[in-house]
Amino acid sequence: MLTRRDLLKMGLLAGGSAMLPLEQALGRNLLRLPGGGNGGSPATTPFLRSLPLPATVQPVAAFSTRCATPGGTVFYEIHEKEGLHSFHPDLPPATVWGYQDVNAPNAPLTPGPTFIGRVNVPAVARFVNDLPTAPRSFGVPNTTVHRHGGFQEDLSDGIPTLFFRPGESYDYCWPNSNPDNDPREGESTLWYHDHLVDFTAQNVYRGLAGFHLMFDDVDSGNENDPNPNALRLPSGDFDVPMVVQDKLFAGNGELVYDSFSHNGFLGDKFCVNGAIQPFFSVKQRKYRFRFLNGSNARFFEFFLSNGRSFVQIGADDNLLPHPITRTSIRIAPAERIDVVLDFNGIPTGTAIFLENRLQQTSGRGPDRVVSHGTQVLKFIVDGPAADPSQVPNNLRELPPINPGAVTVQRRFEFARSHGGWVVNGEFFDPNRVLARPRLGVPEIWTLKNGGGGWFHPIHIHLESHRILTRNGRIPPAWEQGRKDTVVLNPSEEVRIYIEFRQFAGQYVFHCHNIEHEDVAMMGRFDTIL
Ligand code: C2O
Ligand code: CU
Ligand code: CU
């Protein structure tokens with residue numbers, strides 16, 4: 001099968017009409033809306049439906065697998081399926097692809113069920129591809145699963161070309177450990193999603209994404225934890241992951257996607273956990289909200305309608321060393337922002353809106369913050385509840401780094417070229433290795449935005465990194481923690497510190513504007529012994 005990348009190489013993707021052969025070559029149809037363009041989704045009444053809360057993945061009995069399974073290993077079985085999903089009561093259901101726990105065959109498909117990982121408890125996740133082979137308006141049913149933020153061998157990292165087809169399955173070995181067994185590296189908010197070469201954008205937009213949370217003795221998931229090391233952050237019903245995604249709908253309720261939106265596809269409806277503009281009833285106490293921007297190309301900047309601030313406790317996979325109070329939170333595709341909001345003292349019945357005030361009209365990136373945005377979610381304060389949780393001033397200490405001792409430096413430029421997207425002038429080629437970092441040797445990478453006004457959220461697999469400078473300056477406090485995705489604003493240059501320590505093998509780094517990733521702003525690096 002000809003891939004988009006092959007066609008790019010052959011120069012077929014240069015201009016508008018030259019794109020038609022691609023669609024024919026792939027045997028798929030663009031869903032065209034009346035009026036020729038993306039005419040806009042049908043109107044929907046906001047805040048009719050309560051926020052969906054994805055269920056937790058439940059273990060299954062041990063099975064034989066290629067993964068190592070030391071005592072205590074937990075086993076999971078997830079099926080990738082097509083089904084109908086209601087994004088809003090005003091719309092007919094849409095055809096989605098998603099993940100389903102074999103133990104919960106009637107659960108919503110998207111977002112997928114939430115994995116709960118525990119440090120030093122290895123897991124084996126078997127993903128079974130039950131997707132249809134018949135062509136759909138978009139989506140390609142070969143899949144490979146990447147646990148974003150996860151520390152795992154390459155064969156379990158969702159290598160984009162290592163996909164499995166309908167009728168096949170694949171086992172992912174997740175050790176849930178870190179090489180130095182350092183509690184300062186305990187992780188919190190990860191996610192998993194499809195990573196099919198050239199078609200990740202379509203498949204994620206179709207629904208193939210979910211959360212993976214990690215807990216340890218510090219971030220223990222128990223606000224009553226008697227262990228003096230435990231942070232006792234809000235937990236259980238008061239620890240709520242929220243994936244925010246923009247979608248576009250046709251009049252018949254189906255999802256609309258433009259397979260030629262190489263600049264970055266935008267929707268006009270904002271979904272939280274698979275529901276358009278839901279409401280969420282909260283008690284008069286503290287909550288932990290883990291925001292994930294699961295959009296293909298849209299950035300958000302959230303404000304609270306009552307003017308209150310967010311207390312940010314984490315960024316990407318990791319807790320910050322100290323909580324940070326912020327009046328707004330900007331979040332790029334694939335980033336995670338972990339916050340605590342306290343509804344204590346707010347009268348019962350009060351409505352508070354989570355508002356996105358970041359205007360964005362193209363895949364290029366956000367335009368500006370406006371004074372009135374879109375209300376994405378309505379909190380309704382709903383009476384008292386006990387609150388044994390706390391937000392300590394010291395969260396998780398950062399492991400030390402030593403940039404002065406670095407001897408290996410690399411430079412990567414992310415730019416537009418030939419109607420597509422390149423790293424150091426080249427489209428992704430799974431056989432070309434852009435870097436061979438040696439395990440145990442820290443490096444400094446300079447990530448440079450090639451310009452043109454584009455934004456590129458760059459994600460590096462395997463190890464978290466630390467941002468040393470952004471345009472020569474120390475980054476703000478919320479960017480000083482361990483990150484896995486770093487935004488390159490237009491023309492910016494960011495220097496990061498990264499050390500790969502375990503797992504020699506092949507990995508990728510790429511823009512997480514997923515349309516950019518697919519055509520083909522991605523590079524392979526091989527970690528070596
Ligand atoms: Cu979240 Cu390589 O991706
Ligand atoms: Cu990743
Ligand atoms: Cu990009």
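Strand β3 (112-118) runs parallel to strand β8 (residues 209-215), to which 5 bridges join it, strands being DSSP runs of E with at least two residues, numbered from the N terminus, and two strands being taken as paired if DSSP finds at least two bridges between them. Within this pair, Ile-116 stands opposite Leu-213 of β8. The two strands belong to an open sheet of 4 strands, ordered β3-β8-β7-β5, in which the pairing is mixed. Its edges are formed by β3 and β5, each of which pairs on one side only. Neighbouring strands of the sheet are turned against each other by 20 degrees on average, direction ignored, where axes are lines fitted to C-alpha atoms and angles between N-to-C directions run from 0 to 180 degrees.

The model is predicted, and local features need pLDDT of at least 70, side-chain atom pairs count only at pLDDT 80 or more, whereas totals for chains, interfaces and linings use all residues. Residues are numbered from 1 along each chain as its sequence is written, chains are lettered from A and ligands numbered from 1 in the order in which they are written, and side-chain values use heavy atoms, with hydrogens and water left out.

His-146 lies in strand β5 (residues 145-148) and His-459 in strand β25 (residues 456-460), so the pair ties together parts that are 313 residues apart in sequence. Both histidines, His-146 and His-459, are buried, that is, under 20% relative accessible area with a 1.4 Å probe and protein chains only, as against over 50% for exposed residues and partly exposed in between.

The copper ion (ligand 3) is coordinated at 2.0 to 2.1 Å by His-456 (ND1), Cys-511 (SG) and His-516 (ND1), and its donor residues follow the spacing H-x54-C-x4-H in sequence. Distant parts of the chain are linked by His-456 in strand β25 and Cys-511 in strand β29 (residues 505-511), which are 55 residues apart. His-456 counts as buried at 1% relative accessibility, and Cys-511 is likewise buried, with a relative accessible area of 0%.

Strand β15 (residues 310-315) has 5 of its 6 residues buried, so it is largely enclosed by the rest of the structure. It is joined by 5 bridges to the antiparallel strand β16 (residues 318-326), where Thr-325 is the bridge partner of Val-311.

Technical notes. Donors = N, O, S within 2.8 Å, 3.2 Å for Na, K, Ca; no water.
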